[in-house]
Amino acid sequence: MKPAVNVEAEKAQIKRVIEDSIGWAATKDKARLYECFAQDEDLFYFSPDDGGNIAGFAAFTELVDGFFMLADFQAVGFAVKDLHIDLSPAGDVAWYRARLDDFNTWKGHPANWENARWTGVLGKREDRWVIVQMHFSFATDAK
């Protein structure tokens, strides 16, 4: 018989993964970033611009090394707002929705995402939560 899922403990772990998936950039802790994501071809995310979509962990690592790890990119800060996390009854799949403010600079100029809509799906693999799918977008009616 499978033990009961401690929903609040699982949600706390999930919240940390979600926040670390953005917050890693402050110290460029690439090892922590990679711990947050599925390291296989299941990984996918939609960027607000189709040119930024990622399919598979190999493409993700190329993005990380070719953009985020460059000296031209500097993280300034972030805020995850209105985070809602839901957990499957079996306790092995979770999904979330939030608003994200992600403040950065590129070559010394602001490169911010403000009030981005952020959704995603996590799976529990080898007893740890990893992001498998994400979607970022901006409301077209935002002012």
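1. Two strands are said to pair if DSSP finds at least two bridges between them. Helices (H or I, at least four residues) and strands (E, at least two) are DSSP runs, numbered from the N terminus. With that in hand, look at strand S3 (residues 73–87) and strand S4 (residues 93–106), which pair in the antiparallel sense over twelve bridges.

2. A word on what you are looking at: this is a predicted model, in which local features need pLDDT of at least 70 and side-chain atom pairs count only at pLDDT 80 or more, while totals for chains, interfaces and linings use all residues. Residues are numbered from 1 along each chain as its sequence is written, and side-chain values use heavy atoms, with hydrogens and water left out.

3. Now the overall plan. The protein chain has three helices and seven strands, in the order α-α-β-β-α-β-β-β-β-β from the N terminus on. Its radius of gyration is 15 Å, close to the 15 Å that the globule rule gives for 143 residues, so the chain is as compact as a globular protein of that length. (The radius is taken over C-alpha atoms, and the rule is 2.2 Å times the number of residues to the power 0.38.) Along its principal axes, the C-alpha trace spans about 55 × 35 × 25 Å.

4. Back to S4, and its partners.

5. Strand S5 (residues 109–110) runs antiparallel to S4 and is joined to it by two bridges. Pro 110 in S5 is the bridge partner of Thr 105. The hairpin of S4 and S5 has two residues between the strands, and Lys 107 in the turn has a positive phi of about 55 degrees.

6. Lys 81 touches Ala 98, Arg 99, Asp 101 and Asn 115, leaving aside residues up to four places away in sequence; contact means heavy atoms within 4.5 Å. The side chains of Lys 81 and Asp 101 are joined by a polar contact of 3.0 Å (a pair of N or O atoms within 3.5 Å; within protein, one must be able to donate a hydrogen and the other to accept it, and residues adjacent in sequence count only if both atoms are side-chain atoms).

7. Ser 21 lies in helix H1 (residues 7–23). Ser 21 is buried, with a relative accessible area of 6%. A polar atom of its side chain lies 2.7 Å from the backbone oxygen of Ile 18. Not counting residues up to four places away in sequence, Ser 21 touches Leu 33, Cys 36, Phe 37, Trp 118 and Ile 131.

8. Finally, helix H3 (residues 57–68) has Phe 57, Phe 60, Thr 61 and Val 64 as buried residues. Seen down the axis of H3, its buried residues fall within an arc of 100 degrees, so they line one face of the helix; the arc is that of the directions from the helix axis to the C-beta atoms. Their cover includes helix H2 (30–35), strand S1 (44–46) and strand S2 (54–55).

Methods:
Buried < 20%, exposed > 50% of the residue type's maximum accessible area, 1.4 Å probe, protein only.
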